[in-house]
Structure formats: structure tokens, C-alpha cells
Amino acid sequence: MKENEKKLLDLVADMCEEEAVELAQMMLDDGCDPYRVLALCREAMDIVGKRFEEGEYFLPELILAGEMLDQIGQLTKPLLEESPDKPAQKLGRVLIGTVHGDLHDIGKNIVTFMLDINGFEVRDIGIDVPVAKFIKEIEEFKPQVVALSGFLTVAFDSMKETIEAIEAAGLRDKMKIQIGGGQIDETVRAYTGADGFGLTAIDAVEFSRKWINGACDADNGCLQNAVA
Amino acid sequence: MYQTIHNDTAREAVMTSDINIDLSCALATLAKKSRAVGTEFKTRCKALDMVAEEVLAAPMATYTNIPVQGVREEVLDLGQFTLQAPGLVAISSKLASVVAVVCTLGPTFEARVSALFEERKYSLALALDELGNELLFYTARRASLQIRKESRRQGLSAGNFLSPGDEGLSLDQQAIVVSMAGGESHGVSVMKLGMLSPVKSLSMVAGIGLGLSAQPLRKRCDTCNSRERCRMQTC
């Protein structure tokens, strides 16, 4: 790894926003491959994610790292070899929404952001989403992963209802479903019929990555065990 | 078995009060209490300025003090209302009345937070949302201090404040608590799963009577399910 590349990686991982964006701009001006710059930022995000899981970083650091990646991503956009006919390749499609009866959206918004900057195509359908809307959006967007968000414990029933409706509509086998948002654990996952659950935005990204890569089977869908 | 509470100790009948919080005082207090450093501190300062300049919050509390008529199993008879509150029934021998409180910042705050997320200003959105929670808890603390002061004036004391969803008060009592406090006339309503709207609102109840004591606020962390992952606990 070149000196500047190591420096960029360290600046992003160490939350030095202004210096990181400045260095990224400098590297791009000097002719550095924009894909290489993005790869370094993603590597830095992995370090940030690890520090978050270890309790060194918390949510503000995770978000700030994502914003740095976002800013640097904007710098690389004009330089990337893409056209309207050939949009940037995405890792997969994720549909996310807060289930009906629940208005909480902060966690959902953070997960949406993290999925987006990690290369997923994300459709956020909002809060208090009725079952029928989830079905309609799934049929239209054809996601590989559906993420159900809910903070209230009483939202678990809404999650179960939504998943049952997806099954009744004949759509269940076409996707994996993950849940998250509040006091969720393996018991809740089993109750709702979801394939997996996550306690953090990082979990949501990892789940989506694994499932879309086909590396995760239904019986071992819980990342929490692996993280612990 | 129904047990009538002889309310010799109830000094006053049903009483309702409003507390309007001075936003600039509240923000000044919260600005001093921050543990944020570096970039996080700068973002927090931006959030504080935003609340002040755009007047994103109109923090207020309303509360009603209702004498207890009787107790049956886990239910308190409050005349017009019946409240299923095992946490209060447990102290019913000391109970003269129940005070129900609703606090809110109003609807503008959450709309601004959502807008920031849509603008991809995530750090600022998060900082603003966190500030909103602090402002709401500040409002609740001011309300609880006022209530305790008024109780002492009557020669009584207030016990712990319980919110629907806490141990001793089920979430399904949310609508009753909000109704008791008169929350609807201050723009606070209860959604079908028990969530309050506006989102930056909370409700709580406490017993008022003789010899009641309250747990220090920091001890509430001991029973919080999120304590292990909470950065406020670990900072």
C-alpha cells in the first residue's frame, strides 16, 4: 500500500473528516484510480465497523464515517467510467420500512444510509407502513432482502403479520427478511418468522451482504451469534 | 376485593396545571452538559443553534392530580378513570392521589429531523434527534420537580414516576394516562400501538401521598435493557 493510501485509510478510520476529504481530492487530482480511492474508504469503513462492535466507536462515529464515504463518493462520481445506460453496479436490492403502528424512523434511516454507502440499492418506504404497501412495493421493486424496522415491542406482531402476508402472497421464497430496531433477539426472530435479526446497522449490512452473496443459509441466519 | 381509600390526606380535588419551558434556558443548560468532543461537539453546537434559530421546539408539560377513590387487585379507581398500575397499587396504602403528566416538544422537531435525513445530513440529524430527547427529558424533570414542590407544600410527597411500558405500568395504559393528563387538548395523541404523536412526547404517572420516596434518576439505568450498549453509561 502506498503512503498516501495508508494515510487516507487512517484518516477515515480515525474520524479526521476534513483531512480525509482533502487528501482524497488531492489523490484524485494526482490521477489516482477513483475505484481504488473508494476501495480504501470501504476498507476504512470495515475498521470503523470493527471499532464500533468493540465498543470503541459509537453511532456518531459510524455515521460520520459514512458521511466521509459519501462525500468522497461524490468526488469520485464524475471520474467513474459509467454512463446513463450503464449505471454503477449495486450489490443488490434492499427494501426497508417501519412496520404499521410504529413511527420510529431513526434506526431505519441509519440502516438505509449504511446500506446505501456500502453499495446496495435501497428503497425506503417510510414509517407506519401497512402490510398491503409492503406487498405492493416488493412486487414492484423485487428486492433480494426486505428489512422490517420496529422499535416498540408491540410492533413484533406487526412484523409477524407483514411476513405472513408476504408468504400468503407467494413472495416469501424470493427474498430473505431481516428485522431490527428495538429489543429484538432470537425469540422475536422466531416468533415473527424472519430469517435473521440485527442489533446494529452494521448487522443489517452484513446480513444483506451474506444473503445476497448466497453465503447465509436459513438455519444460520443470525449474525448475533457470530458477532458475539 | 375493592378497597376504598379514605382520602383524609387528599388536600385538593382534581387539579390541572401547565408548565411552559423557557427554550433558551433549556438549551443553555443542555449546552453545558454535553460530553461530546471534536467533530461531534461541533455538530451538537450546530444542532443547538438550529433549535434556537428555527424555534424547532415548544417544550411544555401538562399534569393533572386525581384523588384515589379505591383499589381493586391491580387497578386504581380514580373516579372518571381506572388505571391498571401494579407499580402504584403496590404503594396504595400510602396513596392519596395520582398525578398524570404529558410532556411534548410539539410536531416541528421531528419534521426537521426527518428533513435532515432526506438531505443526507445524517450526523446533524442524529445530533438534533439526540438533543430532542435531552430536551424532552429536561421538560419531564422540570415537571417532576414542580410536582414534588407542590406535594411538599401540601405536606405530602411524590413517589417514582412511571411511564407506560415501564415495569409496573403496561404500555396498554398509555391512552388512559394521556387522557388523565389532558394531553389531547395539548396536541398529544396516542397511536394504535401505544406510541405518542408527536414522537417527541412522553407520559408518566406518580403516586402522591404520605411517606413516599423516589429512586434517584441514575438508578433507572440499572433496570434499562439497553444499558450494556449505552454510550451514556460507558462514557
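**Entry 1: aromatic rings**

I started with the rings and found that F113(A), F117(B) and Y122(B) make up one aromatic cluster. The rule I used is that rings of Phe, Tyr and Trp (its six-membered ring) pair if their centres lie within 6.5 Å, with planes under 30 degrees apart counting as stacked, over 60 as edge-to-face and the rest as tilted.

A note on what I'm looking at: this is a predicted model, where local features need pLDDT of at least 70, side-chain atom pairs count only at pLDDT 80 or more, and totals for chains, interfaces and linings use all residues. Residues are numbered from 1 along each chain as its sequence is written, chains are lettered from A and ligands numbered from 1 in the order in which they are written, and side-chain values use heavy atoms, leaving out hydrogens and water.

How many aromatic pairs are there over all chains? I got three. The pair F113(A) and Y122(B) is stacked because the ring centres are 3.7 Å apart and the planes are at 20°. This pair crosses between chains: F113(A) sits in helix α5 (residues 106-117) of chain A, and Y122(B) in helix α5 of chain B. Helices here are DSSP runs (H or I, at least four residues), numbered from the N terminus.

Are these two buried or exposed? F113(A) counts as buried at 0% relative accessibility, and Y122(B) does too at 6%. Buried means under 20% relative accessible area, exposed over 50%, and partly exposed in between (1.4 Å probe, protein chains only).

F207(A) and W211(A) are a stacked pair as well, 4.8 Å centre to centre with 20° between the planes. Both lie in helix α9 (residues 201-212) of chain A, four residues apart, or about one turn of the helix.

**Entry 2: cysteines**

How many disulfides does the structure hold over all chains? I found zero, taking a disulfide as a pair of cysteine sulfur atoms within 2.5 Å. The sulfur of C32(A) has its closest cysteine sulfur in C41(A), 10 Å away, so they are too far for a bond. C41(A) is buried, at 2% relative accessibility.

Terms used. Helix = DSSP H or I, 4+ residues; strand = E, 2+ residues; numbered from the N terminus.
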